[in-house]
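Hi,

Here is the structure I promised to pass on.

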Amino acid sequence: MNIALTVLGGLGLFLYGMTVMSAGLQKTAGNELKKIIEVLTTNIYMGVLVGAVVSVLIQSSSGTSVMVIGFVNAGIMSLTQAAGVIMGANIGTTITGQLIAFNLAEYAPLAVIIGVALLMFSSKKRIQDIAEVIIGVGILFIGMDMMSGGLVSLAEYPSFIRVMSTLDNPFLGMLSGFLLTTLIQSSSAAVGLLQALGTEGLINIQHALPMLLGGNIGTTTTGLLSSIGANKNAKRTALINLIFNLIGVLIFMLFLSVPIRHLVLMMSPDNVSRQIANAHTFFNIISVLIQLPFVGYIIKFANWVIPGEDEREKTASIYLDKRIIETPSIALGQVNKEILRMADLVLENLKQVKGALLNKDMRSVEEIVKREDLINQLDHEITNYLMRLSNEPLSDLQQTEVNKFLYTVNDFERMGDHVDNLKSSTRYMVENDVNFTEPAVKDLMVLFDKCIDVVTTTKKAFELSDEELSRKIYKLEDEVDRIEEANRDRHIERANKKMCGTNSGMVFLETLNNLERLSDHANNIATYILNVF
C-alpha cells in the first residue's frame with residue numbers, strides 16, 4: 001500500500017509540476033503564443049512547426065489537439081492546417097521526455113527554492129511568471145524522484161515480475177501503454193512513468209518501446225472525447241489524429257522497431273531513461289516525415305469515414321469554442337474577433353435606422369430586429385465565455401484584457417439598445433403618421449453622421465488598441481454633445497413658433513437623447529482602451 005501511495009503521489013506531483021510549468025510558460029509567452037498561431041497558413045509545413053512550438057509551450061500534445069479541434073469547430077482552421085499542427089504537436093510533446101532524461105532530481109529542491117524566492121521577492125510580473133516555470137520544473141523532477149523511489153521496491157514482488165514478463169509480448173505492451181495513457185490523460189506523464197521504471201532497472205527499451213507506441217494511440221482519446229458534440233469537420237480532425245498515430249505505430253511495429261531499438265542502445269547504452277526519450281522522439285519525427293507527403297489522402301479518408309456537410313452548433317458566435325479556453329492568449333484573440341463582429345452589427349444597424357427613421361421606411365426594420373437579436377445573443381455568449389476564461393490561470397495583462405472585454409461588450413450591447421429604441425420610434429412614426437419638419441431632418445442627419453463616425457472610430461480603436469484613435473473618440477463625443485444641444489435649442493425655437501407638432505417633437509427629442517447616450521458608451525470604450533496603456 002505504501003508503494004502505491006508513493007508512486008501515485010509522485011505521479012500526482014509530476015502532473016502538477018507539468019501544470020504549473022505549462023501555466024508559467026503560457027504567461028511568459030503571453031501574446032507571442034497568439035502570434036505563433038496567426039503565423040499559421042495553408043502551408044502544412046508551417047503548421048507542423050507551429051504545432052511543435054505550441055505543444056512545447058503548453059506541455060501537452062493532447063491539449064494542442066483539443067485546441068485545434070476547437071479552431072476547426074469554430075471554422076477558423078482548415079483540415080489541412082489542423083493536420084499539420086497535430087503532426088507537429090506529436091513532436092513537441094517529446095521535449096518533456098528529453099528533459100526528464102537529464103535526471104536532475106537532486107537539483108529539483110534548489111529549483112523550487114529559487115522559483116519561490118523569485119516569486120516572493122520580485123514585483124515584476126514577468127519574473128514571477130518565469131519563477132512559476134522554474135517551480136514547475138522542480139516539482140516535476142521531485143515527482144519523478146518520488147515515483148522512482150516507490151517503484152524500486154516493486155522488483156521484490158513476484159506478481160509484479162509476472163506482469164512485467166507479459167510485456168515480452170509487444171501487443172500486450174502496446175495495450176498496456178494505450179490503457180496507461182488513456183487513464184492518466186497525458187502521454188508525457190506516461191513516458192515519465194516508463195522512464196522512472198527504466199531508471200530503476202525494472203524495464204528495458206525492448207519492453208518500453210511497444211508501450212510508447214501504445215501510448216501514442218492512447219493520447220488521441222482526449223481529442224476523440226473532445227470532438228463529441230462538435231461539428232463534422234472537428235470530428236474529422238480528431239479522426240485524423242487517430243489515423244496518423246495508428247499508421248505511425250503500424251509502420252514502426254512492422255519495419256522500424258528493431259532499427260530504432262538498436263540506434264537508441266548505441267547512442268545511450270547505459271541510460272534506459274534516455275533510450276526511452278530518444279525512441280519517443282525518433283518515433284514521432286519519423287512518423288511525420290513519412291506521412292506528411294500523404295496527408296491529403298489521410299484527409300480524404302477522414303472525409304469518407306465522416307461524410308456530409310458541417311453541422312454548426314446553433315450559436316450566435318463564430319469564433320468562440322470552449323476547447324480553446326485552456327489556452328487564454330488564443331481564447332482572448334477569438335473574443336476580440338467576436339466583439340468586432342458585434343461592433344459591425346451595431347454600426348450596420350445605426351446606418352440602417354438613420355434611413356428608416358428619417359424616411360419612415362419600414363422595410364429596414366425587420367433586418368434591424370434580427371441584428372439586434374444577434375447582438376443580444378453575442379453579448380450573452382461572449383460574457384459567459386469571458387467569465388469561464390477568468391477562472392483560468394491568467395497573467396495580469398490577460399486579466400486586464402478580460403476586464404476590458406467585459407466592459408466593452410456591455411457598452412456595445414447598450415449601443416445596440418439605443419439603436420433599437422430608434423427602430424421603435426420609426427414604427428411609432430409610421431403607425432401614427434408623424435412627420436419631421438425639413439429643418440429637423442437636416443439637424444438629425446448631421447447628428448446621425450457624427451454618431452456613425454463615432455462608432456466607426458470606436459471599432460477601429462478597439463481593433464488596433466490605438467491610443468490616438470481612442471483620444472479622438474473623446475473629441476468626437478464632445479462634438480456630438482454640442483450638436484445635440486444645438487439641435488435641442490433649435491427644436492425649442494420651432495416649437496415656440498408652432499412649426500412642429502407634439503408627437504414629432506417627442507420623437508425628435510427621444511432621437512437626440514438616444515444618439516447622445518450612444519456616443520457616451522463609445523466614450524466608455526475609449527477609456528477602457530486607454531487604461532491598458
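Predicted model: local features only at pLDDT ≥ 70, side-chain atom pairs only at ≥ 80, totals over all residues.

Side-chain values use heavy atoms, with hydrogens and water left out.

**Helix pairs**

Helix names follow DSSP runs (H or I, at least four residues; strands are E, at least two), numbered from the N terminus. Axes are lines fitted to C-alpha atoms, for helices over the stretch in contact, and the angles run from 0 to 180 degrees between N-to-C directions.

Take α5 (residues 79–92) and α15 (residues 272–291) to begin with: they pack at an angle of about 160°, and their axes are 8 Å apart. That makes α5 roughly antiparallel to α15; the cut-offs are under 35 degrees for roughly parallel, over 145 for roughly antiparallel, 65 to 115 for roughly perpendicular, and oblique for the rest. The α5 and α15 crossing is left-handed, meaning the near helix is turned anticlockwise from the far one by less than a right angle (clockwise would be right-handed). On the α5 side you'll find M87, N90 and I91, which meet N284, I285, V288 and Q291 of α15. Contact here means heavy atoms within 4.5 Å. By class, the residues of this α5 and α15 contact are 4 nonpolar, 3 polar and no charged. For those classes, Ala, Val, Leu, Ile, Met, Phe, Trp, Tyr, Cys and Pro count as nonpolar, Asp, Glu, Lys and Arg as charged, and the others, Gly among them, as polar.

Next come α14 (residues 232–267) and α16 (residues 295–305), which pack at about 125° with axes 9 Å apart. These two helices, α14 and α16, are therefore oblique to each other, and their crossing is right-handed. From α14, the contact uses R236, L239, I240 and I243; from α16 it uses I298, I299, F301, A302, N303 and V305. That contact of α14 with α16 splits into 8 nonpolar, 1 polar and 1 charged residues.

The last pair is α18 and α19, packed at an angle of about 160° with axes 10 Å apart. That makes α18 roughly antiparallel to α19. Their crossing is left-handed, and the residues of the contact of α18 with α19 comprise 12 nonpolar, 5 polar and 8 charged.

**Aromatic pairs**

Rings of Phe, Tyr and Trp (its six-membered ring) pair if their centres lie within 6.5 Å; planes under 30 degrees apart are stacked, over 60 edge-to-face, and the rest tilted. By this rule there are 5 aromatic pairs. One of them is F436 with F508, an edge-to-face pair at 6.2 Å centre to centre with 75° between the planes. This pair links distant parts of the chain, 72 residues apart: F436 is in the loop between α19 (396–431) and α20 (438–464), and F508 is in helix α22 (residues 502–532). Both F436 and F508 are buried. Buried means under 20% relative accessible area, exposed over 50%, and partly exposed in between (1.4 Å probe, protein chains only).

**Single residues to look at**

A52 is in helix α3 (residues 44–58). Is A52 buried or exposed? A52 has a relative accessible area of 15%, so it counts as buried. Leaving out residues up to four places away in sequence, A52 touches G88, A89 and G92.

M362 is in the loop between α17 (328–359) and α18 (365–389), and M362 is partly exposed, with a relative accessible area of 28%. Beyond its neighbours within four places in sequence, M362 is in contact with T426, R427 and V430. M362 and K423 are 61 residues apart in sequence but 9.1 Å apart in space, C-alpha to C-alpha.

Finally, two residues with backbone angles to check. D433 is not a glycine, yet has a positive phi of about 50°. D433 belongs to the loop between α19 and α20 and is exposed, at 58% relative accessible area. S465, also not a glycine, has a positive phi of about 50°. S465 sits in the loop between α20 and α21 (467–496) and is partly exposed, at 34%.

Cheers

How values were computed. Residues numbered from 1 in each chain as written.
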